[in-house]
Amino acid sequence: MANDAVKAAITHDPILVDLALQGGGSHGAFTWGVLDRLLEEPWLGIDGISGTSAGAMNAAVLVDGHAKGGAAGAREALENFWRRVSEAARFSPLRRGPLDVILGRWTLPLSMSPWISCLA
């Protein structure tokens, strides 16, 4: 209830910010969470946005979603995008195999899974 009172009390124009989003797969997913939170704030407006790699994907999805449905549309578009990326990664040959999980290995150079998939 207090949060609603704060939102109702905001009567000035939004503060405009420019965002530069970093690349890297897991960084992109983390940035999705940050963007989702920022898009909840009525006092904050995004004036410019750029990014590299996963950051560029976040920027493009955010802008497209925002054009279609404002901040709520941007939040929905980002969630849909990252959920689909997550689903697609489930079938990637570049992931830990069962032996890697058992042995607690996290690095792909030690994993045979990508090489076995290439030989098949």
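Predicted model: local features only at pLDDT ≥ 70, side-chain atom pairs only at ≥ 80, totals over all residues.

Student: Fine. Why is H2 called roughly parallel to H3?

Tutor: Start with the geometry: the axes of helix H2 (residues 25–38) and helix H3 (residues 54–89) cross at roughly 20° and come within 7 Å. Angles under 35 degrees count as roughly parallel, so H2 gets that label relative to H3. As for handedness, H2 passes H3 in a right-handed crossing.

Student: Which residues make the contact?

Tutor: On the H2 side, Gly 25, Gly 28, Ala 29, Thr 31, Trp 32, Leu 35 and Asp 36. H3 answers with Ala 54, Asn 58, Leu 62, Arg 75, Leu 78, Glu 79, Trp 82 and Arg 83.

Student: How do you know whether Ala 54 is buried or exposed?

Tutor: Check its relative accessible area, which is 9%. Buried means under 20%, so Ala 54 is buried. This residue lies in helix H3, and beyond four places in sequence it touches Gln 22, Gly 23, Gly 24, Gly 25, Gly 28 and Trp 82.

Student: How far is Ala 54 from His 27, in sequence and in space?

Tutor: They sit 27 residues apart in sequence, with 7.5 Å between their C-alpha atoms.

Student: And Thr 31, what makes that one buried?

Tutor: Run the test again: Thr 31 has a relative accessible area of 10%, and the cut-off is under 20%, so Thr 31 counts as buried. You'll find Thr 31 in helix H2. Skipping neighbours within four places in sequence, its contacts are Leu 21 and Asn 58.

Student: Now the largest nonpolar core. Which residues touch the most other members?

Tutor: Of its 13 residues, those are Leu 21, Leu 35, Leu 39, Leu 62 and Leu 78. Strand E1 (15–21), H2 and H3 each put in at least two residues, and H3 gives the most, with eight.

Student: What does Leu 39 touch, leaving aside neighbours within four places in sequence?

Tutor: Its partners are Ile 46, Leu 62, Ala 71, Ala 74, Arg 75 and Leu 78.

Technical notes. Residues numbered from 1 in each chain as written. Heavy atoms only, no water. Axes fitted to C-alpha atoms, helices over the stretch in contact; angles between N-to-C directions. Helix = DSSP H or I, 4+ residues; strand = E, 2+ residues; numbered from the N terminus. Parallel < 35°, antiparallel > 145°, perpendicular 65-115°, else oblique. Left-handed = near helix turned anticlockwise from the far one by under 90°. Contact = heavy atoms within 4.5 Å. Core = buried A, V, L, I, M, F, W, Y, C linked by side-chain atoms within 4.5 Å. Buried < 20%, exposed > 50% of the residue type's maximum accessible area, 1.4 Å probe, protein only.
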